[in-house]
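Trainee: Before I use this model for anything, I would like to go through it step by step. Could we look at it together?

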Amino acid sequence: MADFLQRWQQLNWDDITLRINAKTARDVEKALNSPKVGREELMALLSPAAAAYLEPLAQRAQRLTRQRFGNTVSFYVPLYLSNLCANDCTYCGFSMSNRIKRKTLDQQEIARECEAIRAMGFDNLLLVTGEHQTKVGMDYFRRHLPDIRARFSSLMMEVQPLAQEEYGELKALGLDGVLVYQETYHEGSYRQHHLKGNKQDFFFRLETPDRLGRAGIDKIGLGTLNGLSDNWRTDCFMMAEHLLWLQQTYWQSRYSLAFPRLRPCAGGIQPASLMSEKQLVQTLCAFRLFAPEAELTLSTRESPHFRDHVIPLAITHVSAFSKTQPGGYADDRPELEQFAPHDGRTPQQVASALQTAGLQPVWKDWDQFLGRAPQNI
Ligand code: SF4
């Protein structure tokens with residue numbers, strides 16, 4: 001069966017960039033009034049010309065979000081199992097060449113983390129690791145997944161790309177969702193930022209969501225790290241193409257999208273293109289119109305002020321009080337962390353900010369009552 005690679009080969013980065021930049025105010029108005037937002041309309045809504053239409057764009061996005069998802073916002077929280085990594089990515093503190101303390105949680109430590117997370121109210125967990133196939137690979141996942149799954153009603157993973165059969169095996173152990181961000185769809189930029197390890201294989205990563213779809217994983221998460229390539233608009237449009245492909249091919253799965261931003265920081269790499277907060281709002285709202293049923297997530301990388309304002313417009317899933325180091329919930333040790341989150345509010349503080357905006361926080365993604373009883377796993 002064909003996969004997204006064939007579609008990606010037909011897409012011309014420069015041509016898409018030119019077409020987005022050529023969109024006019026008239027194209028944006030047409031897109032905003034169009035009952036169905038397709039490729040051309042999305043290009044208009046992502047274009048520089050759409051910056052002047054943020055208000056009507058946000059209003060339509062908010063209406064669609066409420067129609068499709070009601071007044072709810074779901075919470076999830078990442079559990080970092082390990083900061084070991086066999087890759088070198090220019091933008092990440094876990095890179096193998098960085099001299100930081102390395103730690104992989106054992107069974108007891110995982111249990112303590114799960115208890116601390118449950119005590120905060122979360123029932124939807126995202127397992128995160130660096131990418132270390134030998135030390136934190138299938139054997140490790142087989143050993144620990146069933147215990148973790150028994151404590152949470154939904155379980156997602158953000159780890160190294162795996163084979164289709166491996167995803168099938170993890171699904172049988174209770175895995176519900178997998179996030180695998182392409183980071184950038186521009187092959188040259190990708191090579192520039194992935195210097196060592198298996199992650200250098202652009203194509204293996206690009207084909208991962210197809211393997212997930214074929215393995216019947218319920219939720220598949222896509223993402224671009226905006227700022228890696230020299231045009232975040234084109235990268236986001238490429239992700240839209242990826243989403244369309246997957247939705248048409250693996251229609252049984254749900255899809256979630258994330259738009260983390262690479263921001264300038266002391267000692268870190270400088271973004272090749274800067275996505276401002278306003279441009280992130282524009283992008284999120286444009287995607288809501290393009291894919292009304294897609295889940296849009298916002299992490300604690302963004303500031304409390306920004307999150308409180310943008311969540312009601314288009315966001316369906318948020319993390320809160322994230323610790324980005326192994327063991328961070330039971331025993332906070334910042335020296336092990338991947339990055340310092342920007343929103344450090346407690347889950348209850350984030351929940352009450354949502355309630356003030358008229359939204360209902362939901363602490364789970366699924367309920368056993370709806371047919372995924374642990375005994376069926
Ligand atoms: S981004 Fe992922 S693969 Fe790259 S160094 Fe960080 S943890 Fe490893």
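What follows is a set of questions and answers on a predicted model.

Trainee: What radius of gyration does the chain have, and what would a compact globule have with 377 residues?
Mentor: The C-alpha atoms fill a box of roughly 60 × 45 × 45 Å along the principal axes. A compact globule with 377 residues would come out near 21 Å. The value for the chain agrees with that, at 20 Å.

Trainee: What percentage of the contacts between residues at least 6 apart in sequence join residues at least 24 apart?
Mentor: The chain has 15 helices and eleven strands, and buried residues make up 46% of its 377 residues. Taking the contacts in the chain between residues at least 6 apart, the share that joins residues at least 24 apart is 76%.

Trainee: Is strand 7 mostly covered or mostly open, and how many of its residues are buried?
Mentor: Strand 7 spans residues 219-223 and is mostly covered. Of its five residues, the number buried is four.

Trainee: Which residue in strand 7 is the bridge partner of Leu179?
Mentor: Strand 5 (residues 177-179) runs parallel to strand 7, and three bridges join them. Within this pairing, the partner of Leu179 in strand 7 is Gly221.

Trainee: How many residues of the shell around the ligand are charged?
Mentor: The residues around the ligand are Cys85, Asn87, Cys89, Cys92, Phe94, Ser95, Gly130, Glu131 and Lys199. By class, four are nonpolar and three are polar. The number of charged residues in the shell is two.

Trainee: Why is Tyr53 classed as partly exposed?
Mentor: Tyr53 sits in the loop between helix 4 (39-46) and helix 5 (54-69). Leaving out residues up to four places away in sequence, Tyr53 touches Val28 and Leu32. A residue needs 20 or more other C-beta atoms within 10 Å to be buried. Tyr53 is partly exposed because its count within 10 Å is 19.

Trainee: What is the phi of Glu183?
Mentor: Glu183 lies in the loop between strand 5 and helix 9 (187-193). Glu183 is buried, with 25 other C-beta atoms within 10 Å. Although Glu183 is not a glycine, its phi is positive, at about 70°.

Trainee: Is Phe321 buried or exposed?
Mentor: Phe321 is in the loop between strand 10 (317-319) and helix 15 (347-356). Phe321 is not a glycine, yet has a positive phi of about 55°. With 21 C-beta neighbours inside 10 Å, Phe321 counts as buried.

Trainee: What distance separates the C-alpha atoms of Leu313 and Gly358?
Mentor: Leu313 belongs to helix 14 (residues 304-314) and counts as buried, with 21 C-beta neighbours inside 10 Å. Beyond residues up to four places away in sequence, Leu313 touches Ala58, Ala61, Gln62, Thr65, Val281, Leu284 and Cys285. Leu313 and Gly358 are 45 residues apart along the chain, and their C-alpha atoms are separated by 12 Å.

Key:
Residues are numbered from 1 along each chain as its sequence is written. This is a predicted model: local features need pLDDT of at least 70, side-chain atom pairs count only at pLDDT 80 or more; totals for chains, interfaces and linings use all residues. A residue is buried if 20 or more other C-beta atoms lie within 10 Å of its own, exposed if 12 or fewer, and partly exposed in between; C-beta atoms are placed from the backbone. Helices (H or I, at least four residues) and strands (E, at least two) are DSSP runs, numbered from the N terminus. Two strands pair if DSSP finds at least two bridges between them. A residue is near a molecule or strand if its C-beta atom, placed from the backbone, lies within 6 Å of it. Ala, Val, Leu, Ile, Met, Phe, Trp, Tyr, Cys and Pro count as nonpolar, Asp, Glu, Lys and Arg as charged, and the others, Gly among them, as polar. The radius of gyration is taken over C-alpha atoms; the globule rule is 2.2 Å times the number of residues to the power 0.38. Two residues are in contact if their C-beta atoms, placed from the backbone, lie within 7 Å.
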